[in-house]
Amino acid sequence: MSPPTVALLTPGQRIADAVAAVMGSWTFIIVQSVILCVWTSAHLVGAIRRSDPYPLTVLNLALSFQAAHAAPVIMMSHNRQQDIDREAAENEYRIDVKAELEIELLHEKIDQPREREILKLTEAVRMLTVLLEEPASGARESDAEGGGRS
């Protein structure tokens, strides 16, 4: 089976994929890191007063909110991708099994003529052995008959 196309995805799946793509990008990580550094520095230096009292309560609240909502959405996207990967792995396994069976069939087809040839060669060797033994046994019989007459 092929992976689902964008047209087949539900709105929730599309949103989950978009959020995971954005939050998993270097652009997001860099921008968020810059914002956190600026926010923290401004409050530690005292440039901004009383908007976020120590220990940066609003920043902690914002980051907690972001983590609480981003993690499940990213997991939804991850689980869907895992299902797609599992289907792809199953399809690859089926293809590998079929290829293995085809290779075994080819081996059998190649082995059959070889086995016939080996049987023919074995028969030829047996026949040659019989032919070579006949004159030798005939000569032994002649020697035995001739030796007894003299």
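Trainee: Which residues gather in the patch of negative charge on the surface?
Mentor: In this predicted model, the residues that gather in a patch of negative charge on the surface are E92, D96, E100, E104, E108, D111 and E115.

Trainee: And where does E104 lie?
Mentor: E104 belongs to helix α3, which covers residues 57-149.

Trainee: OK, but why does E104 count as partly exposed?
Mentor: E104 has a relative accessible area of 40%, and it is therefore called partly exposed, since that class takes in whatever falls between the buried limit of under 20% and the exposed limit of over 50%.

Trainee: New topic: which residues form the nonpolar patch?
Mentor: That patch on the surface is made up of W26, I29, I30, V34 and V38, and together these residues have about 530 Å² of accessible area.

Trainee: Where is V34 placed, and how accessible is V34?
Mentor: V34 sits in helix α2, which spans residues 26-45, and because its relative accessibility is 47%, V34 counts as partly exposed.

Trainee: Stepping back, how many helices and strands are there in the protein?
Mentor: The protein has three helices and zero strands, so that, read from the N terminus on, the order of its elements is α-α-α.

Trainee: What share of the residues is buried?
Mentor: Of the 150 residues in the protein, 9% count as buried, while the accessible surface of the protein amounts to about 12,500 Å², with 66% of that belonging to carbon and sulfur atoms.

Trainee: Last one: what about contacts between residues at least 6 apart in sequence?
Mentor: Among those contacts in the protein, 55% join residues that are at least 24 apart in sequence.

Technical notes. Residues are numbered from 1 along each chain as its sequence is written. This is a predicted model: local features need pLDDT of at least 70, side-chain atom pairs count only at pLDDT 80 or more; totals for chains, interfaces and linings use all residues. Side-chain values use heavy atoms; hydrogens and water are left out. Patches are made of residues with over 30% relative accessible area and no salt bridge: like charges are joined within 9 Å, nonpolar side chains (Val, Leu, Ile, Met, Phe, Trp, Tyr) within 5 Å. Accessible areas come from the Shrake-Rupley method with a 1.4 Å probe; for residues, only the protein chains shown count as cover. A salt bridge is a side-chain nitrogen of Lys or Arg within 4 Å of a carboxyl oxygen of Asp or Glu. Helices (H or I, at least four residues) and strands (E, at least two) are DSSP runs, numbered from the N terminus. Buried means under 20% relative accessible area, exposed over 50%, partly exposed in between (1.4 Å probe, protein chains only). Lys and Arg count as positive and Asp and Glu as negative; His and the chain ends are not counted. The place of a charge is taken as NZ of Lys, CZ of Arg, CG of Asp or CD of Glu. Contact means heavy atoms within 4.5 Å.
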